There are 4 protein chains.
Amino acid sequence: MRLLFIGDIVGRAGRAIVQSKLPGLVERYNLDFVIINGENAAAGFGITEAIVQDLLDAGGDVITTGNHAWDQRDALVYCERQPAFLRPVNYPSGVPGKGANMYSARNGANVLVMNAMGRVYMDALDCPFAAVDKELDACPMGEFVDAIVLDFHAEATSEKQAMGHFLDGRVSLVVGTHTHVPTSDYRLLPGGTAYMSDAGMTGDYDSVLGMDKEEPVQRFLRKVHGGRFTPALGEPTLCGVAVDTDDRTGLAVDVEPLRIGGHLSRHIPSFWENGGN
Amino acid sequence: MRLLFIGDIVGRAGRAIVQSKLPGLVERYNLDFVIINGENAAAGFGITEAIVQDLLDAGGDVITTGNHAWDQRDALVYCERQPAFLRPVNYPSGVPGKGANMYSARNGANVLVMNAMGRVYMDALDCPFAAVDKELDACPMGEFVDAIVLDFHAEATSEKQAMGHFLDGRVSLVVGTHTHVPTSDYRLLPGGTAYMSDAGMTGDYDSVLGMDKEEPVQRFLRKVHGGRFTPALGEPTLCGVAVDTDDRTGLAVDVEPLRIGGHLSRHIPSFWENGGN
Amino acid sequence: MRLLFIGDIVGRAGRAIVQSKLPGLVERYNLDFVIINGENAAAGFGITEAIVQDLLDAGGDVITTGNHAWDQRDALVYCERQPAFLRPVNYPSGVPGKGANMYSARNGANVLVMNAMGRVYMDALDCPFAAVDKELDACPMGEFVDAIVLDFHAEATSEKQAMGHFLDGRVSLVVGTHTHVPTSDYRLLPGGTAYMSDAGMTGDYDSVLGMDKEEPVQRFLRKVHGGRFTPALGEPTLCGVAVDTDDRTGLAVDVEPLRIGGHLSRHIPSFWENGGN
Amino acid sequence: MRLLFIGDIVGRAGRAIVQSKLPGLVERYNLDFVIINGENAAAGFGITEAIVQDLLDAGGDVITTGNHAWDQRDALVYCERQPAFLRPVNYPSGVPGKGANMYSARNGANVLVMNAMGRVYMDALDCPFAAVDKELDACPMGEFVDAIVLDFHAEATSEKQAMGHFLDGRVSLVVGTHTHVPTSDYRLLPGGTAYMSDAGMTGDYDSVLGMDKEEPVQRFLRKVHGGRFTPALGEPTLCGVAVDTDDRTGLAVDVEPLRIGGHLSRHIPSFWENGGN
Ligand SMILES: [Fe+2]
Ligand SMILES: [Fe+2]
Ligand SMILES: [Fe+2]
Ligand SMILES: [Fe+2]
Ligand SMILES: [Fe+2]
Ligand SMILES: [Fe+2]
Ligand SMILES: [Fe+2]
Ligand SMILES: [Fe+2]
């Protein structure tokens with residue numbers, strides 16, 4: 001089956017390119033399942049219930065998040081009634097919402113999506129390795145699950161790579177988010193899991209992390225706030241990673257990044273263009 | 001002129017691919033100047049004076065470093081007699097060695113190379129923005145300086161992007177190191193400076209940051225040391241970024257990554273292949 | 001001369017005990033000079049210009065701050081017209097306000113007060129050691145300066161102790177702030193400088209750092225915000241440290257904590273009670 | 001019953017004062033149970049099995065640790081055969097040793113001792129709040145347990161105070177360690193639990209954290225290692241906290257610090273001197 005993961009949507013520019021491009025991509029390339037990290041969709045800080053719906057309407061099947069999951073306070077409420085919304089699975093027990101869930105793809109396949117948060121240079125949630133391990137024990141790939149994707153929202157490349165190796169052979173894709181910069185280390189790990197350290201953000205790259213660049217630059221220089229962070233509104237780039245999986249094993253067959261629009265070099269997965277699927 | 005920057009060499013595997021491939025690259029593509037980050041060249045921890053010489057013999061012109069600069073203790077001594085060795089410029093005054101220096105390229109041009117270290121999630125050195133600003137005040141591009149490169153050794157993408165914008169139009173290239181993962185956000189900033197958040201490491205990517213993966217993975221799981229970190233010795237990848245500059249302005253004309261060998265997708269800069277230069 | 005330093009005022013409870021007790025202390029014990037850290041005076045976050053004036057009216061001579069210096073945004077403006085307000089001296093050049101200044105004590109003596117911020121586990125300002133060294137070079141003790149006090153606003157005890165040793169013999173008092181807990185390691189260092197790692201906060205100790213305890217406790221348990229932090233309003237404790245200096249050398253002769261009111265054990269400096277001065 | 005907790009022993013100076021003073025204290029003041037944090041006993045880094053025995057021979061009943069628990073590598077082995085050795089309870093499952101255990105006091109009472117590590121500015125172990133909660137569920141005070149003590153090894157005063165409130169009424173004493181500086185905020189919390197943010201270290205205070213001060217000071221100034229850290233060997237101070245508990249409820253009746261020897265002000269708990277017990 002054919003999966004697409006889209007990295008952190010930042011503000012209006014990021015939402016706009018998803019809404020304008022995703023429907024065409026789904027149709028043209030027969031995408032079976034689309035996961036979108038939406039933690040910065042609402043002006044850079046969290047995501048509203050209405051924006052979740054907008055992204056689902058544009059073709060998304062699941063919305064993952066990260067450290068900004070609760071920036072919009074009512075997410076603590078709507079997360080309970082919106083099954084497409086995931087927050088990191090390694091929050092302590094008792095926190096609202098889910099961090100892993102099973103979904104039906106357009107091709108009828110069952111996809112387990114997990115969202116976890118790293119702990120290096122981030123808030124100390126529960127152990128992400130133990131948390132995903134527990135989910136996989138409950139729903140291993142190959143029985144009722146046709147594909148498994150982990151959005152590992154983390155800062156440190158060491159923790160991301162360790163997670164890739166930890167899950168190698170047990171999931172379809174481990175993709176990192178949070179740094180807002182796409183990496184070019186996409187590859188199939190020895191056990192058959194697709195891996196990429198970061199999907200990059202979806203928004204305006206003539207910025208600092210998708211936010212207007214003036215304020216962040218002056219904060220580094222002066223260490224004093226000069227104003228608020230606001231999303232940059234220039235030409236956006238849609239960044240993500242595409243994976244084709246083996247329908248029998250759930251493991252990855254091909255993995256390549258997707259980058260369209262804006263300031264970065266364009267890349268359409270070659271296995272999308274070369275027919276197949 | 002034509003510049004190549006090669007990211008953090010990790011251990012023997014990283015050194016081997018530089019020694020086997022760099023001489024041919026210099027000759028075939030007429031590289032005028034080669035900068036190598038060597039902070040992990042000695043079994044992952046720092047660099048010895050002998051390895052500095054080996055990398056220079058292979059075609060390097062400057063060796064930059066980062067938080068591992070002093071892991072080999074005699075670097076504090078040899079840094080004073082080896083002008084090709086740079087440590088971050090933002091160490092406090094009085095620390096041995098240099099963090100910025102002028103070099104002669106093969107084409108006779110003068111190249112200013114600066115090495116600075118970020119402070120987000122890293123040790124609190126002096127302000128890297130103020131430090132490079134001071135160097136550029138002393139040696140602005142265009143008078144006696146034909147090209148300027150900053151190796152910004154930093155963890156956070158926010159700090160790296162802010163540095164890119166801060167220097168945009170004043171230097172040829174701002175390239176990040178330290179995360180050991182190549183990014184695909186290479187681009188020309190609006191003012192004409194080439195930028196890439198991280199060059200990636202040069203070593204075996206079937207690893208955690210170039211080190212054998214068993215020990216780092218178990219440390220994340222158990223939080224207890226099981227042994228030492230040792231470099232991974234599988235097939236290495238050489239990772240870097242190539243820039244062609246305008247001989248008159250020193251600004252960048254083209255920028256693309258270089259990735260050859262090993263587990264990552266191969267990429268030779270298109271402007272190297274398409275003749276030119 | 002006789003100095004009193006009062007630790008971080010937290011909210012209304014902290015202000016109230018200073019306003020009710022300080023005037024009597026100044027008179028009864030002939031205090032020559034009073035320094036107050038006020039960074040949490042305005043509902044826990046920064047300090048307004050009006051509160052600065054209230055604390056001066058109660059007997060304070062200088063108001064120092066720390067990482068909360070700019071929480072009340074107009075501090076960036078009023079700091080320029082209110083010489084009794086200090087922010088950390090190691091902000092980058094160009095930031096409004098001052099971090100060190102000379103003041104006249106009630107006995108006519110000249111007192112240099114410095115405020116610096118640590119960098120371990122805190123924002124990376126400029127080096128606090130270099131910053132205070134520069135101030136002391138300009139105004140060494142003994143010529144026109146009769147006493148020198150540093151409020152070192154820092155998290156790590158290692159950095160505080162290192163600062164104490166670094167300044168030993170050159171200043172009258174190095175006192176830490178920021179942890180909001182008074183330490184009992186007050187002593188005269190070998191060179192004659194009085195030292196205490198933290199003065200403690202002035203506010204309600206039946207709390208977390210002076211703030212109502214419910215919200216902080218639940219954040220540690222759930223890692224999700226349940227509401228805002230608000231100052232605890234129970235019976236406050238005034239916490240500080242008292243130093244008597246030698247009028248000729250400026251070095252310390254006696255040092256002891258002051259703790260009155262509220263939930264902590266009461267302590268009046270014995271050399272205040274035993275006459276002298 | 002009468003409990004004494006002694007803070008982090010640093011090196012030979014710290015061991016010496018415990019060995020010379022503790023036997024007399026136990027006898028003179030009828031101490032029923034003595035807990036010693038020994039994480040820095042072996043030249044500042046961890047503790048050997050022989051030193052554990054030495055401290056038990058001197059009158060200790062339990063040895064707690066912290067982030068330095070495993071600095072002496074064979075602790076991973078001997079922790080399994082030495083029931084008096086505790087490492088933080090919130091290590092992931094599968095790590096050798098115990099973090100909580102029941103002990104018999106000299107008066108025949110059962111004492112539950114727990115050791116946990118904070119996560120603010122420290123390594124991300126499992127949640128310390130959840131971990132101690134689980135232990136208390138299994139062994140609540142009042143049935144078979146006559147007293148309960150938690151050594152909470154943590155950096156941030158916020159986390160320590162939150163833990164105090166979280167356990168208030170459920171344990172006899174929550175005492176912090178790790179900052180190596182004794183605090184003077186000892187008190188009975190509203191529910192009857194004794195609390196002190198840090199016991200302080202036991203060693204030479206004319207130092208940085210008990211280590212010779214030259215190297216740490218120069219590292220702050222130059223950011224480059226000049227040599228190793230070695231324990232300071234000047235006159236040591238024994239630092240701790242004493243608690244008398246109600247034999248019926250297990251809650252605290254009195255709490256005061258103990259400080260004897262060396263550079264800090266002397267303090268013997270007044271309820272020790274005033275007879276009682
Ligand atoms: Fe994030
Ligand atoms: Fe994000
Ligand atoms: Fe590095
Ligand atoms: Fe490196
Ligand atoms: Fe503070
Ligand atoms: Fe404060
Ligand atoms: Fe310790
Ligand atoms: Fe510790």
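# Close-up views of a predicted model

**Figure 1. An iron pair in chain D.** D:Glu39 forms a bridge between the iron ion (ligand 7) and the iron ion (ligand 8), and these two ions lie 3.4 Å apart. The structure shown in this and the following views is a predicted model. The protein donors of the iron ion (ligand 7) are D:Asp8 (OD), D:Glu39 (OE), D:Asn40 (OD1) and D:His180 (NE2), at 2.1 to 2.2 Å from the ion. Along the chain, these donor residues follow the spacing D-x30-E-N-x139-H. D:Asn40 belongs to the loop between strand 2 (33-37) and helix 2 (49-57) of chain D, and D:His180 to the loop between strand 7 (173-177) and strand 8 (187-188) of chain D, so the pair ties together parts that are 140 residues apart in sequence. Both D:Asn40 and D:His180 are buried. The 4 donor atoms make angles of 87 to 161 degrees, and the site of the iron ion (ligand 7) is irregular.

Figure 2. B:Glu39 is found in the loop between strand 2 (33-37) and helix 2 (49-57) of chain B, whereas B:His180 is in the loop between strand 7 (173-177) and strand 8 (187-188) of chain B; the pair links distant parts of the chain, 141 residues apart.

**Figure 3. The contact between chain B and chain C.** In this view, 5 residues of chain B are in contact with 5 residues of chain C. The two chains bury about 340 Å² between them, and carbon and sulfur atoms give 43% of that area. On the side of chain B, the residues that lose the most area to chain C are B:Arg119, B:Ala124 and B:Asp126, which together account for 88% of what that side buries. The count of salt bridges between chain B and chain C is 0. Chain B can be laid on chain C by a turn of 180 degrees and a shift of 0.0 Å along the axis, with an RMSD of 0.0 Å. The two copies are therefore related as by a two-fold rotation axis. The same surface serves both copies, since 100% of the contact residues of chain B recur in chain C.

**Figure 4. Helix 6 of chain B beside chain A.** Within helix 6 (residues 214-222) of chain B, the residues B:Glu215, B:Pro216, B:Val217, B:Gln218, B:Arg219 and B:Phe220 are buried. The buried residues of this helix pack against helix 4 (128-138) and helix 5 (157-167) of chain A. After helix 6 of chain B comes B:Lys223, which has a positive phi, near 65 degrees. A rotation of 180 degrees with 0.0 Å of shift along its axis superposes chain B on chain A, with an RMSD of 0.0 Å. Which residue of chain B comes closest to the rotation axis? It is B:Thr183, at 1.9 Å (C-alpha).

**Figure 5. B:Leu233 in its loop.** B:Leu233 is placed in the loop between helix 6 and strand 11 (236-245) of chain B. Is B:Leu233 buried or exposed? At 52% relative accessibility, B:Leu233 counts as exposed. Leaving aside residues up to four places away in sequence, B:Leu233 touches B:Arg12, B:Ala13 and B:Asp204.

**Figure 6. Two salt bridges in chain A.** Over all chains, the structure holds 36 salt bridges. One of them joins A:Arg106 to A:Asp61, with 3.1 Å between the closest N and O atoms. A:Arg106 is partly exposed, with a relative accessible area of 41%, whereas A:Asp61 is buried at 19%.

Technical notes: Residues are numbered from 1 along each chain as its sequence is written. Chains are lettered from A and ligands numbered from 1 in the order in which they are written. This is a predicted model: local features need pLDDT of at least 70, side-chain atom pairs count only at pLDDT 80 or more; totals for chains, interfaces and linings use all residues. Side-chain values use heavy atoms; hydrogens and water are left out. Helices (H or I, at least four residues) and strands (E, at least two) are DSSP runs, numbered from the N terminus. Copies are superposed by least squares on the C-alpha atoms of residues with pLDDT of at least 70 in both. Contact means heavy atoms within 4.5 Å. Donors are N, O and S atoms within 2.8 Å of the metal (3.2 Å for Na, K and Ca); water is not among the atoms, so sites may look incomplete. Four donors count as tetrahedral if all angles lie between 85 and 135 degrees; four count as square planar and six as octahedral if opposite donors are over 155 degrees apart and all others between 65 and 115; anything else is irregular. Buried means under 20% relative accessible area, exposed over 50%, partly exposed in between (1.4 Å probe, protein chains only). Buried area is the accessible area (1.4 Å probe) that two parts lose on being put together, summed over both. A salt bridge is a side-chain nitrogen of Lys or Arg within 4 Å of a carboxyl oxygen of Asp or Glu.
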